[in-house]
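Dear colleague,

Please find the structure below, followed by a short account of what was found in it.

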Amino acid sequence: MTSATYPLLQTINDPADLRRLPRPQLRALADELRAYVLDSVSRTGGHLSSNLGTVELTVALHYVYNTPHDRLVWDVGHQTYPHKILTGRRDRMHTLRQLGGISGFPVRSESPYDAFGTAHSSTSISAALGMALGARQKGEDRHAIAVIGDGAMTAGMAFEALNHGGVEDCKLLVILNDNDMSISPPVGALNRYLAQLMSGQFYAAAKNVGKQVLKGAPPLFELAKRIEEHAKGMVVPATLFEKFGFNYIGPIDGHDLDSLIPTLENLKQLKGPQFLHVVTRKGQGYKLAEADPVAYHGPGKFDPAVGLVKPTAPAKQTFTQVFGQWLCDMAANDERLVGITPAMREGSGMVEFHQRFADRYYDVGIAEQHAVTFAAGLACEGLKPVVAIYSTFLQRGYDQLIHDVALQNLPVVFALDRAGLVGADGATHAGNYDIAYLRCIPNLGVACPADERECRQLLSTAFAQNHPVAVRYPRGAGVGVATAAGLDGLPYGRGEIRREGAGIAILAFGTLLYPALAAAEKLGATVVNMRWAKPLDTELLLQVAARHEALVTVEEGAIMGGAGSAVLEALQSADVARPVLQLGLPDAFIEHGDPGKLLSLQGLDAAGIQSAIERRYPALCAQGRPALKVVG
């Protein structure tokens, strides 16, 4: 950063500096802040469209409220880069989402200005309400502000919090950041005027006094209420949020500081729960992102002057693409197939399916619980639902998975994208726990494909079952194994031996099969591609255990309760005693960083697997022993 490029921004080291600026300078600061966000993300990659859309709102909130004393909670949190820059992390933006650098989401341990850690949606109102009531209980004078997007408002948790918050007397402000509609210029000034008027002390006092006076004359009181609702209805949406008990203000232009700041200052003086509706535009100020906010939602590094450039050389097929193609092929083959996503059409690879099979495509919004039970209802009617969902987001529908799907043994396929470590998004998005939390559920199968071909085959196997099955696969590309054109599956619950060795047998679950094979070449070990965490191929396991002196399990998932634990349970049940080394992810949250580097740090690359085995079983490691048999 140079003072010539960012003369105002380089003077802001915390919000106290911001609050010392004369108000007329805030517009220039916002312009510099937007430019700095664009420059930073273009160098590191990260979320862009959402952050460009919250620049003015961020400036206004830190200008009006005394953060961090006043608590500011950002829903999801992928739109907090301006917030991070203004709260002392400006000079660390070059480390964004990199190992050892700052997170792309709010993290309490990273800054006192990150009042609540977020990355999953729809938690902000509940958290802010808890903070507001906590302050009230302790007798502390502080405000709690939740900033939630229109997408996150589709989740039931947000409405549960509104239902509670509306009956509490506390200093809670909910800001709906609506970036799915626009305010046309002709009505912008009127909206600004009415929003400030409705949030002012005079309007609030007059409304309350009027209600008290007119309560003595019920017909006049009802007439006044209807007139008030009708007048507000001309410039605001329906009074849904007022029915929850909130004082609703808006909508106002979220990019107009001359509207935002006076409105927030007025709201700060009011008592009781307040609801402010602001309208913003994703990608604001960068024409390419404004035109295509989806493409610029989470870009990699790029040249802002040029924009995103499509790669010329064909990249290896990702697991997400494998799933998307399989979904279309299976839908063309079986009209019972129905595809469901909780607001992750692009991320889950369902764009083509939506285009080709629109009548069988359902985006239920950010509502994972509903997505799972909705699928159960469809299955009850003889359809074959496929729920495309990130591993980390299925956690949000866990009760529904048990109670509504598995308990009734309904044939729902769960395509679990982003299984294992996800890299730059960090611990909040890592799919480390699905094997552990799924395999304990009766009736549910769990498949772990090792590569692209197996992913397609095991999806077909899952779809053919008359009970629920989850197929877990990682983010990004596999090793480059070509997929078959057909829809043939693999035997349910059966694994295979991929390399025949001696002494040690490595049991690999999922894509770590390939580093396990590389390690086995150095160790002379047998390698088993287990394919299924549940049902475990117990017959194959016992055969291998009988012919080897020690076993090693390898999985990109939590060791505690994971596939290795399933192996131990099966051996114990068969009264077979064999030493077992479990390799996987530790009992810890793993920070953001390059996925390959993170796997290496956890000892789950080929060198790490080899080293761990040599340390545990030095006498059994036959360096350089050739394979007795290699399959595949």
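**Methionine 530**

Methionine 530 counts as buried because its relative accessibility is 0% (buried means under 20% relative accessible area, with a 1.4 Å probe and protein chains only). This is a predicted model, in which local features need pLDDT of at least 70 and side-chain atom pairs count only at pLDDT 80 or more, while totals for chains, interfaces and linings use all residues. Residues are numbered from 1 along each chain as its sequence is written, and side-chain values use heavy atoms, leaving out hydrogens and water.

Methionine 530 sits in the loop between β14 (526–529) and β15 (532–534); strands are DSSP runs of E, at least two residues, and helices runs of H or I, at least four, numbered from the N terminus. Beyond four places in sequence, methionine 530 touches Arg494, Gly495, Leu507, Ala508, Phe509, Leu536 and Asp537 (contact: heavy atoms within 4.5 Å).

**Lysine 384**

Lysine 384 belongs to strand β8 (residues 384–390). Lysine 384 is buried but has no salt bridge, and the nearest side chain of opposite charge, aspartate 334, is 6.7 Å away. A salt bridge requires a side-chain nitrogen of Lys or Arg within 4 Å of a carboxyl oxygen of Asp or Glu; Lys and Arg count as positive, Asp and Glu as negative, and His and the chain ends are not counted. Leaving aside neighbours within four places in sequence, the contacts of lysine 384 include Arg336, Pro411 and Phe463.

Yours sincerely

Key
Buried < 20%, exposed > 50% of the residue type's maximum accessible area, 1.4 Å probe, protein only.
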